[in-house]
Amino acid sequence: METVQDRVLRVIATTSRKPLEAVRPDSTFQELGIDSLDRLNILFELEGEFDIEINDEEAKSVTNIQQMVAGIEQLLAAKSKSISLQAE
Amino acid sequence: MPRVAVTGVGVICALGHNQEAFWRALADGRSAIETMTAVDPQQFRFSAAAEVRGFVPEEHLPPKDLPLLDRFAQFALIAANEAVAQSGIEWTPELREEAAVITGSSMGGRGAEEAGYWELFHNNRTRVHPLTIPLSMSNAGASHISMRYGLQGAVYTVSSACSSSAHAIGQAFRQVRSGAAPMAIAGGSEAPMFIGGLKAWEAMRVVSKDTCRPFSADRTGLVLGEGGAMLVLEPLDAALARGAKPLAEIVGFGMSSDATHITLPAPEGAARAMRKAIADAGLAPEQIGYINAHGTATEANDRTETAAIRLVFGDRADRLAVSSTKSMHGHTLGAAGAVEAIASILALGHGLLPPTANFTRPDPNCDLDVIPNAARPQQVEACLSNSFAFGGLNAVLAFKAWP
């Protein structure tokens, strides 16, 4: 099954029109040539992929893929917690 | 070349429904940014906007005309009516035949389109309102002004995002200066408070979560506004000959394109537009005492605009007063150039420079004298009004005080 990291790499590769093998877990956005508009596209696609909302201010501090994966894992954890709370 | 006077101005925006209310708020440094009422703010990631409050169209326009006018066209016509009334222009058949009307709008009447499309997509309707096209076309404002006063010359609309109405005023200025038009009504209007448009701005991640704080270290983005603003331009000699009192002289116009990035501004492009406006005005940079900045309060604009001002003015930038009145009336997009041109003209006329409201603490990347929070009594000789659009399109107007 695809991990969160796999899904992030796939979304970034597809959105920025790069081959998947060019997008590595330790890549920075700068290395990938991702500019401010690419970032908007990536954030938009990631929000759809994971059904989450990524805060503008928090997104600004993310500069590489590791940080992006960690941030998304946090948001997913918060989401599953709120869903399980609703279930109780 | 003949000199060109501004003999009338009209404005309706969040700060007020006419120029007196507009100027009172600017002079008081009072921001009109509040929680949105046109839409439910719960469905957005931001809640602040600068809306025109207490607006009853019937109080400004004949009720029978309203079905033909989208909100953006209403603002255009109301502002034009005020400007024409103040100018006291004496219409003759010859003047009407050649007069120009040049307006700017970024989104035009897309709000009217949205209303129709909503019915198609959500309510299974098969038709939209028959006036959808004439309501939503971006030139609706210009056409209604033309019809209202019987003006039959060059009438058209410029759409260059947030520079639209600065481009429109600049074009009109050149038409009047060259003699191509004996007078012109020029400005712009915008009514972006509808769900689809607001969602598109939300997705750009440039709209502030609290308020508009241009040049502050903790600025978090722009706040959308709505409104309309129009100027009456005529040859100075003709204005004086009929006993009109110019509000200011419009002396220069400069435009440029960054030609670099569709959304990220570049200081060189903005600097070239300012230089061209100053040169076109026949002024020396030291004669400019005030700049009404584009000052959107996005991270990129304010930093880039500061760099551009430093490129043009060098060390003199430290002695230049710069403010962003968007902190009070919001970012009115296609109307911004005209709203802020009028703020600049009134500042020259009153000898009072409007402040940058909501200012908290300085950003080292925006180290200009931004007139924080309180207006400053200061008579300057000449000023610039900056407009820089997405798409890298820059338009700068220069005005000179009329003694």
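Select Ala259(B), which sits in the loop between strand 8 (248-257) and helix 10 (267-280) of chain B. Helices (H or I, at least four residues) and strands (E, at least two) are DSSP runs, numbered from the N terminus. Phi of Ala259(B) is near 55°, a positive value in a residue other than glycine. Is Ala259(B) buried or exposed? Ala259(B) is exposed because 10 other C-beta atoms lie within 10 Å. The cut-offs: buried means 20 or more other C-beta atoms within 10 Å of the residue's own, exposed means 12 or fewer, and partly exposed is in between, with C-beta atoms placed from the backbone.

This is a predicted model: local features need pLDDT of at least 70, side-chain atom pairs count only at pLDDT 80 or more, and totals for chains, interfaces and linings use all residues. Residues are numbered from 1 along each chain as its sequence is written, while chains are lettered from A and ligands numbered from 1 in the order in which they are written.

Next, pick Asn373(B). Asn373(B) is not a glycine, yet its phi is positive, about 65°. Look for Asn373(B) in the loop between strand 11 (352-353) and strand 12 (376-377) of chain B. Asn373(B) counts as partly exposed because it has 15 C-beta neighbours inside 10 Å.

Now go to Ser138(B). This residue lies in the loop between helix 5 (132-136) and helix 6 (140-149) of chain B. Ser138(B) has 22 C-beta neighbours inside 10 Å, so it counts as buried. Which residues does Ser138(B) touch, not counting those up to four places away in sequence? They are Ser105(B), Gly108(B), Thr157(B) and Ser159(B). Contact here means that the two C-beta atoms, placed from the backbone, lie within 7 Å.

Move on to helix 6 of chain B. Show its buried residues: Ala140(B), Gly141(B), Ala142(B), His144(B), Ile145(B) and Ser146(B). These pack against helix 2 (71-87), strand 4 (100-104), helix 5, strand 5 (155-158) and strand 6 of chain B. After helix 6 of chain B comes Gly150(B), with a positive phi near 65°.

Zoom out to chain B. Colour domain 1 (4-241) and domain 2 (252-401) separately; the bounds come from an automatic or database domain assignment. The C-alpha centres of the two domains of chain B lie 20 Å apart. Their contact takes 62 residues from domain 1 and 57 residues from domain 2 of chain B. On the domain 1 side, strand 1 (4-13), helix 1 (19-28), helix 7 (164-178), strand 6 (184-190) and strand 7 (227-235) of chain B each supply at least two residues. Helix 7 of chain B gives the most to this side, with eight residues.

Keep chain B on screen. Count 13 helices and 14 strands. The radius of gyration of chain B (taken over C-alpha atoms) is 20 Å, close to the 22 Å that the globule rule gives for 403 residues, so chain B is as compact as a globular protein of that length. That rule is 2.2 Å times the number of residues to the power 0.38. Buried residues make up 59% of the 403 residues in chain B.

Last stop: chain A against chain B. The contact takes six residues from chain A and seven residues from chain B. On the chain A side, helix 2 (36-50) and helix 3 (56-60) of chain A give two or more residues. Helix 2 of chain A has the largest share, four residues.
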